[in-house]
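I am opening a notebook on this structure and will write down what I look up, entry by entry.

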Number of protein chains: 2
Amino acid sequence: MNIEILAIGDELLIGQTINTNASWLGQEFSKIGARVTRSVVVADDKDRISEALDTIYPETNVIIITGGLGPTKDDITKHTLCTYFGTHLEIHPPTLAKIETYFAARKRPMLETNIQQAALPVACEILPNNYGTAAGMLFEKNGRYYVSLPGVPYEMQGIVTEELIPILTKRFQLKAMYHYTALTQGIGESFLAERIRDWEDRIRERGFGLAYLPSPGLVKLRITSFEGKEDQAEIMQFFQELTSRLPEAVFGYESDTLPDVSGRVLKKHQLTIGTVESCTSGLLAQQLTSISGASDYFMGSLLTYSNDLKHRLCDVSIDAILSDGAVSERVALEMAEKGAKKLGVDVCISTTGVAGPSGGTADKPVGLVWIGLSITGKTVARKFQFGDNRERNIQMTVLSALNWLRYELEQR
Amino acid sequence: MNIEILAIGDELLIGQTINTNASWLGQEFSKIGARVTRSVVVADDKDRISEALDTIYPETNVIIITGGLGPTKDDITKHTLCTYFGTHLEIHPPTLAKIETYFAARKRPMLETNIQQAALPVACEILPNNYGTAAGMLFEKNGRYYVSLPGVPYEMQGIVTEELIPILTKRFQLKAMYHYTALTQGIGESFLAERIRDWEDRIRERGFGLAYLPSPGLVKLRITSFEGKEDQAEIMQFFQELTSRLPEAVFGYESDTLPDVSGRVLKKHQLTIGTVESCTSGLLAQQLTSISGASDYFMGSLLTYSNDLKHRLCDVSIDAILSDGAVSERVALEMAEKGAKKLGVDVCISTTGVAGPSGGTADKPVGLVWIGLSITGKTVARKFQFGDNRERNIQMTVLSALNWLRYELEQR
């Protein structure tokens, strides 16, 4: 199945909005084995839209049109498609009912322009929008599908996931591909590939696909079955093997995040947590509390940016700071251990490092970070050497700390 | 001047990379008064690229091609353009010298593929790349310009800013537009427009352009002169008037950020700062330390997420918590005032609020936030009512706190 994407909107052309819809669609259609062959952005203009529809590649099966719907755009896409397919608008009662419910739920008055959103082309199939007022439209002409979707990302995504993909999968008799993704932290992509080469070979021999999806600090591993969900159990076995081989790296699956996973394991063991942060300066606490309900286990933190506060707030010994330096194993250990007492928590993570760009020395270069971890009285510190980018170093410290915490607690 | 953008790359089509180049180019060309009329992405394929070049709009003056350069792409754009313009490649000595310098500086060995990056079409004008190895190329045919640029954003941006825009401004005799932007926080776009209507009217009467550029929590105001930099003084006068009318909202100009501006004003008054955070849970400290050199004024923080720690770490009175609640003026005041003492800092900001999504009551709905500000012993608290999105509420709290700090210190 070959797909083209046509986005409509002056705001995209002048760069006020980034066309994230195109990349999301590219990802989703790749997952079902379709190929996006071109992506075009044109102005909110009837002639430009018609011209784009006239010049799509001959082998294109589906053209996805995003944007140009709704009152502020004068519903230009809807009117253009009516002309293009020689049809006219009529009020579509189920869509009108949906819009009325939408406004009633929000206790907002409904205007004539809102009612007009229920006026839809007679010659198309309606794709219901469960997240907004502009319905999706599916036209068919000479075996080719023309799909018009709203430009608001979550509305567009809802219609694609819930309505469009099931329809296309059925009509193009696409094999239902099945994907499952494991999430890893702490091992770079090439080292990871090296360590699991035989595992990867067996996956490929079995006829599954394997994709490495790196993002800053993380590598996702996605296994794809081209036969569908019936291979799920077998894929899970591969992931179980991966997890038992690299338990320190594999922290979760699919949409898990490190704050989620650490929060779950803290809750499971009924442990409270706090942090004593220097180089991360609050980002670790902020990540731990980024999920609702974190107050069940997160109590608070000491951000001891200055050496004076490391001593005054957290009782780090002046001797440790003077003889070993603020960025040292000893200070990281004291921060975690004494921090746990000061905060009255079961678990305390400490961070101290040279985030950069300045402050590096031959002994303690930019990117050097010590993380301390104290769990119910037992405290350990680990050394990390990251790169030369300040923001990245801080982020890597947070990810490494959360993943280490997760791993240690899972071993209990 | 009408511009089209053609981006080349499978990674854009499958959504692995978001086409931020197109939005950056849209913004930059809007600034010089050019109009981007279409933006297209095609695959790394000779026929697709040629076809795209054959079908551009008749009125297009300049087509910008990004990507498809470099060894991993087989320099497909370069070869396609050679065929398209009936020319051939030859080593371009100045470019070769640049590449040699580039590798020498990084102490990395130069491969044959790197040398081949200096092989450039004879029939084009070379646009030097000061940030990488793939040079830009400018072809002219029938008065239309075809520009090929690398896909790496900072390399592409460097060539556009330093080489291409000056050339286009000259050849198309574009009026050198002049822009200057003021940054505001704390007043929504429509309220802002209401309050400065007469100011806006006078700007427009004078023949200048005014754009409202909203982003989460901030509104930027950009004045444009279509005559060029000679109008700078007059534009500055408009901005001075704006600042004196809304000193609490206008926090800076151009690329200023709130952490920058607050840091500068703290340094100027030689004041140290710390924070006592509840609902922002470290994000305020993290923002304050996001700029290098923050250790000159930022000392540390208490993140008192639990009520117990508000009392134990920061001496907030149990009576205040019990009678007024953790989210209250009294607790915000005590957090800021007692926090300043505990941390030994001149300035202390406190935050306590209901970030949501849970925890709201009729009296204290989700989005209610109290911010306390203690400056050299004098402490005030202010109430804010934000919305129902947790992440947004936390971000708005941080922006509001930094801007309030900036305003108070500027008054001194």
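**Strand pairing in chain B.** I looked up strand β9 of chain B, residues 178–185, in what is a predicted model, and found that eight bridges join it to strand β11 of chain B, residues 218–225, the two running antiparallel. β9(B) is also joined by three bridges to strand β12 of chain B, residues 250–253, and this pair runs antiparallel as well.

**Pairing across the two chains.** I then turned to strand β14 of chain A, residues 298–304, which is joined to β14(B) by five bridges, with the strands antiparallel. One pair that I noted is A:Gly300, whose bridge partner in β14(B) is B:Thr304.

**The side of chain B that touches chain A.** How many residues of chain B are in contact with chain A? I find 45 residues of chain B in contact with 45 residues of chain A. The elements of chain B that each supply at least two residues to this side are α2 (20–31), β2 (35–42), α12 (283–288), β14 (298–304) and α13 (307–314). Of these, α2(B) gives the most, with eight residues. By residue class, the side of chain B that touches chain A divides into 22 nonpolar, 21 polar and two charged residues.

**How the copies are related.** I looked up the superposition of chain B on chain A, which takes a rotation of 180° with 0.3 Å of shift along its axis and leaves an RMSD of 0.3 Å. The two copies are thus related as by a two-fold rotation axis. The same surface serves both copies, since 100% of the contact residues of chain B recur in chain A.

**Chain A as a whole.** For chain A I noted 16 helices and 17 strands, and a box of roughly 85 × 55 × 40 Å, taken along the principal axes, that its C-alpha atoms fill. Of its 412 residues, 45% count as buried. Among contacts in chain A between residues at least 6 apart in sequence, 65% join residues at least 24 apart.

**Domains of chain A.** Chain A is divided into domain 1 (2–171), domain 2 (178–253) and domain 3 (258–411). The centres of domain 2 and domain 3 of chain A, taken over C-alpha atoms, are separated by 29 Å, and nine residues of domain 2 are in contact with 10 residues of domain 3. On the side of domain 2 of chain A that touches domain 3, I count four nonpolar, four polar and one charged residue.

**Nonpolar cores.** Which residues have the most contacts inside the largest nonpolar core? This core has 134 residues, and those with the most contacts inside it are A:Ala336, A:Ile371, B:Ala336 and B:Ile371. Leaving aside neighbours within four places in sequence, I listed residues in contact with A:Ile371, among them A:Ala332, A:Ile349, A:Phe384, A:Ala401 and A:Trp404. A second, separate core of 84 residues includes A:Ile3, A:Ala22, A:Ile65 and A:Leu81.

**Exposed positions.** Is A:Asp198 buried or exposed? A:Asp198, which lies in helix α9 (residues 197–205) of chain A, is exposed because there are 8 other C-beta atoms within 10 Å, where 12 or fewer is the cut-off. B:Pro109, in the loop between α5 (93–105) and α6 (112–116) of chain B, is also exposed, with 7 other C-beta atoms within 10 Å.

**Backbone details.** I noted a cis peptide bond between A:Gly356 and A:Pro357, with omega about 0°, and A:Pro357 has its place in the loop between β15 (347–353) and β16 (368–375) of chain A. In chain B a cis peptide bond joins B:Gly356 and B:Pro357, again with omega about 0°. Phi of A:Lys107 is near 50°, a positive value in a residue other than glycine; A:Lys107 lies in the loop between α5 (93–105) and α6 (112–116) of chain A and is exposed, with 6 other C-beta atoms within 10 Å. Phi of A:Gln270 is also near 50°, and A:Gln270, in the loop between α11 (258–268) and β13 (273–277) of chain A, counts as exposed with 9 C-beta neighbours inside 10 Å.

Terms used. Residues numbered from 1 in each chain as written. Chains lettered and ligands numbered in written order. Predicted model: local features only at pLDDT ≥ 70, side-chain atom pairs only at ≥ 80, totals over all residues. Core = buried A, V, L, I, M, F, W, Y, C linked by C-beta atoms within 7 Å. Buried ≥ 20, exposed ≤ 12 C-beta atoms within 10 Å, placed from the backbone. Contact = placed C-beta atoms within 7 Å. Domains from an automatic or database assignment. Nonpolar A, V, L, I, M, F, W, Y, C, P; charged D, E, K, R; others polar. Helix = DSSP H or I, 4+ residues; strand = E, 2+ residues; numbered from the N terminus. Pairing = 2+ DSSP bridges. Least-squares fit on C-alpha atoms with pLDDT ≥ 70 in both.
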